[in-house]
Amino acid sequence: MNNPLVSVILPTYNRSQFIEKAIRSVWTQTYAELELVVINDGSKDDTADILDRLSQEDSRITVIQMEKNSGIVAALNEGGLAAKGTYIARLDDDDFWSDDKKIEKQVNFLENNKEYVLVGGGVIRVDKDGKEIDRFLLPEKDEDIRKSILVDNVFVHTTVLFRKDAFEKTGGYNQEFLYVEDWELWMHMGTMGKLYNFQEFFVTYLDQEAGNKNYYRNWGIRRNIKMSMSLKKKYRDKYPGYAKAAAVSWTSYIYSFLPLKKQLRPGLVNLRNRVVKSPYKK
């Protein structure tokens, strides 16, 4: 039996210092049936030159050049349209896969469990110097994911593998939910089949805001919370716990106006972990 093709979708914008490492981490995977679709979303640095060189080295790389910067949702959907695989995996341009068997494990799971549409895994978070900040896992079983997914996004985008046919049925990433477009996709997919998170660490995630003293005053925090509130309302009849989910959103929104947010954040994270029952590991 031939192994199914997996399409890795990697959007990028002005990340020439990271993109090659991300791409090369794909080829360390033990799973051989891979193609890589890179969407260069109007980069103004030398990203295009790097992608041209790498795609000439390896015919499995397809590069889509966007004429101008169109944003993450448009780039992801372009990648989804170009993907030829049975499955789609995601990788960001400043992250890399740290488990060489990630794809192999996930494909085997989905091939043997046809009722599942989406799987994810754990994350190692690092700062700009590559120093580990923390690592965490997320709810494993479908029933636990469904109890938590209204409260918070319980899949990390760069860890996931999902069925392309399910992706096509959703219509792709939804521009209406920009900034939480991945979360919306998982909730939509969850109406079609079961969900699972491996209790293993699959990706090393670069937190570009770690140590940034201005991050906690960013207006984007409130923007994202408002968008997540709309998302929770949309799926309130599909998943349990809407009242709890709304309460967490309002708590986060009020918190965003408080001084000393950096100092208060551990308490908010602890509350979120208790609600989601996420097995974080330091």
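**A loop residue and the helix contacts**

Modeller: Asp207 lies in the loop that links strand 9 (194–206) to helix 8; helices (H or I, at least four residues) and strands (E, at least two) are DSSP runs, numbered from the N terminus. This is a predicted model, in which local features need pLDDT of at least 70 and side-chain atom pairs count only at pLDDT 80 or more, whereas totals for chains, interfaces and linings use all residues. Residues are numbered from 1 along each chain as its sequence is written, and side-chain values use heavy atoms, with hydrogens and water left out.

With a relative accessible area of 13%, Asp207 is buried (under 20%; exposed is over 50% and partly exposed in between, with a 1.4 Å probe and protein chains only). Beyond its neighbours within four places in sequence, Asp207 contacts Arg125, Val126, Asp127 and Ile133, where contact means heavy atoms within 4.5 Å.

Helix 8 (residues 220–234) has a partner in helix 7 (residues 181–189): their axes come within 10 Å and cross at roughly 10°. Axes are lines fitted to C-alpha atoms, for helices over the stretch in contact, and angles run from 0 to 180 degrees between N-to-C directions. Helix 7 and helix 8 are therefore roughly parallel (under 35 degrees; over 145 is roughly antiparallel, 65 to 115 roughly perpendicular and the rest oblique). Helix 7 supplies Trp183, Glu184 and Met187 to the contact, and helix 8 supplies Ser228, Leu231, Lys232 and Lys234. By class, this contact of helix 7 with helix 8 comprises three nonpolar, one polar and three charged residues. Here Ala, Val, Leu, Ile, Met, Phe, Trp, Tyr, Cys and Pro count as nonpolar, Asp, Glu, Lys and Arg as charged, and the others, Gly among them, as polar.

Another helix pair is formed by helix 1 (residues 19–26) and helix 2 (residues 47–57), whose axes come within 11 Å and cross at roughly 20°. Helix 1 is therefore roughly parallel to helix 2. From helix 1, Ile19, Glu20, Ile23 and Arg24 meet Ile50, Leu51, Arg53, Leu54 and Glu57 of helix 2. The contact of helix 1 with helix 2 divides into five nonpolar, no polar and four charged residues.

Helix 2 also contains Thr47, which is buried at a relative accessible area of 0%. Not counting residues up to four places away in sequence, Thr47 touches Thr12, Asn14, Arg15, Ser16 and Asn40. The C-alpha atoms of Thr47 and Tyr13 are separated by 7.8 Å, although these residues are 34 residues apart along the chain.
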